[in-house]
Amino acid sequence: MTTDAHSTRSTGSLTRGRLSPLDQLRLFEKKYDAVTTDLVGRLPLAPTWRCLDLGAGAGSMAYWLAERVTEGSVIALDTDTGHLEPDRAPNLTIRQEDLTKAEFPDGGFDLILVRAVLEHLRAPEEALARITRWLAPGGWLVAEDFYYLPAEHAPTPVGRALVGGYVRRMEAQGADMRWARGLPAALSRAGLTAVDSQVTPAGPGQSAADDELIGTRLRQEGHTLVDSGLVTAEQLADFLDALGTPRGQDMTTLLISAWGQRPPNG
C-alpha cells in the first residue's frame with residue numbers, strides 16, 4: 001500500500017484489497033505448505049497409509065496427502081468445511097466436527113497432521129493425548145503451532161503495539177500464543193518416540209509470502225486494533241507501508257514443527 005502523505009491516512013485506506021476467508025486460508029497455505037510437505041516427505045509415507053488432517057482449512061494438505069496415499073485414505077476434519085471439496089479425490093472424506101469432540105477408533109491412522117490448531121484449544125495437552133491414541137502402532141503425528149516472541153522486543157513502537165494487540169486479542173479468544181514452545185516435550189509426554197522438531201521464523205520481511213499474509217490480515221482486521229485504541233490509524237498505515245522494506249523487517253513468530261512416532265509395540 002502506498003499513500004501520498006502520512007497525514008492523509010485513515011482506517012478507510014486500510015480496507016482496500018479485501019480478500020475472502022478462503023483467500024486468506026490460501027495465503028496461509030502458500031506460506032506454510034512447503035514446510036509441512038517437506039516434513040511429511042521425510043516420513044516413510046506409504047501409498048496404503050490412512051491419514052487424518054485435523055483443522056484442514058482450505059484443504060491443501062489433505063489434497064496433497066490424497067495424491068500420495070492412492071491405496072489408502074484421508075479424512076479432512078474441520079469445524080467449518082465450507083472451503084473443502086469432497087469430490088477432489090476418491091480416497092478423501094470430509095468431516096465437519098470439533099476435534100475435541102470427535103471420536104475415532106484407537107489405532108486407526110498411520111499419519112495424523114494437526115497444524116495451527118492446538119494453540120487455540122482450552123486444553124491442548126488433553127487434546128494431544130486423545131489424538132495420539134488414534135495413531136496405529138508405528139504411526140506418526142506431525143503437529144505445528146506458533147510461538148509468539150515477546151511483543152516488547154519488536155524493533156519499532158508500531159511493531160510492539162501491533163504484535164501486542166494481536167496477541168492480546170487472540171488470547172481473549174482462548175488461544176495460548178506461548179504453548180507451542182513446549183510442543184516437542186508435549187509429544188514426548190503423550191508417549192511418542194523419535195520426537196524431533198524444527199523452527200521456521202515468520203514475520204515482516206521474512207519472505208514475500210509473510211508480507212502478503214500480514215498485510216492482508218492487517219488491512220482487513222487492523223481496524224479492530226484502531227477501534228480498541230491499541231494503535232492509531234497512522235501507526236497502522238506506517239506499518240503497512242514498511243512491509244517489504246528493511247525498516248519493516250522483524251521476526252514476530254516462530255512456527256514450531258514437531259513430529260513423533262507411536263511405538264511400534266505400543
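Which residues form one aromatic cluster together with Phe 28? In this predicted model, the cluster consists of Phe 28, Tyr 32 and Phe 146. Phe 28 and Tyr 32 both belong to helix 1, where they stand 4 residues apart, about one turn of the helix. An α-helix has 3.6 residues a turn, so residues three or four places apart point the same way. A search of the whole structure finds 5 aromatic pairs, and one of them joins Phe 28 to Tyr 32, with ring centres 4.9 Å apart and planes at 45°, so that this pair is classed as tilted. Since the cut-off for a buried residue is under 20% relative accessible area, Phe 28 counts as buried at 13%, and Tyr 32 is likewise buried, with a relative accessible area of 4%.

Another aromatic pair is made by Phe 104 and Phe 109, whose centres are 5.3 Å apart and whose planes are at 80°, an edge-to-face arrangement. Both partners fall under the cut-off for burial, Phe 104 at 8% relative accessibility and Phe 109 with a relative accessible area of 5%.

Helix 1, which spans residues 21-41, also takes part in a contact with helix 2, residues 60-68; the axes of these two helices come within 10 Å and cross at roughly 35°, and the crossing is right-handed. On the side of helix 1 the contact is made by Glu 29, Asp 33, Thr 36, Thr 37, Val 40 and Gly 41, which meet Ser 60, Met 61, Trp 64 and Leu 65 of helix 2. Sorted by class, the residues of this contact comprise 4 nonpolar, 4 polar and 2 charged.

Why can helix 2 be called largely enclosed by the rest of the structure? The reason is that 7 of its 9 residues are buried, namely Ser 60, Met 61, Ala 62, Tyr 63, Trp 64, Leu 65 and Ala 66. The surroundings of these buried residues are not limited to helix 1, for they pack also against strand 1 (50-54), strand 2 (73-78), strand 3 (92-96) and strand 4 (109-115).

A further helix contact brings together helix 4 and helix 7, the latter formed by residues 233-242, and here the axes are 10 Å apart and the packing angle is about 105°. Because angles of 65 to 115 degrees count as roughly perpendicular, helix 4 is described as roughly perpendicular to helix 7. Val 158, Gly 159 and Leu 162 represent helix 4 in this contact, and they meet Gln 235, Leu 236, Asp 238 and Phe 239 of helix 7. The classes represented in the contact of helix 4 with helix 7 are 4 nonpolar, 2 polar and 1 charged.

When neighbours within four places in sequence are left aside, the contacts of Trp 179 are with Leu 118, Pro 124, Glu 125, Asp 145 and Ala 186.

Conventions:
Residues are numbered from 1 along each chain as its sequence is written. This is a predicted model: local features need pLDDT of at least 70, side-chain atom pairs count only at pLDDT 80 or more; totals for chains, interfaces and linings use all residues. Side-chain values use heavy atoms; hydrogens and water are left out. Axes are lines fitted to C-alpha atoms, for helices over the stretch in contact, and angles run from 0 to 180 degrees between N-to-C directions. A crossing is left-handed if the near helix is turned anticlockwise from the far one by less than a right angle, and right-handed if clockwise. Contact means heavy atoms within 4.5 Å. Ala, Val, Leu, Ile, Met, Phe, Trp, Tyr, Cys and Pro count as nonpolar, Asp, Glu, Lys and Arg as charged, and the others, Gly among them, as polar. Angles under 35 degrees count as roughly parallel, over 145 as roughly antiparallel, 65 to 115 as roughly perpendicular and the rest as oblique. Rings of Phe, Tyr and Trp (its six-membered ring) pair if their centres lie within 6.5 Å; planes under 30 degrees apart count as stacked, over 60 as edge-to-face and the rest as tilted. Buried means under 20% relative accessible area, exposed over 50%, partly exposed in between (1.4 Å probe, protein chains only).
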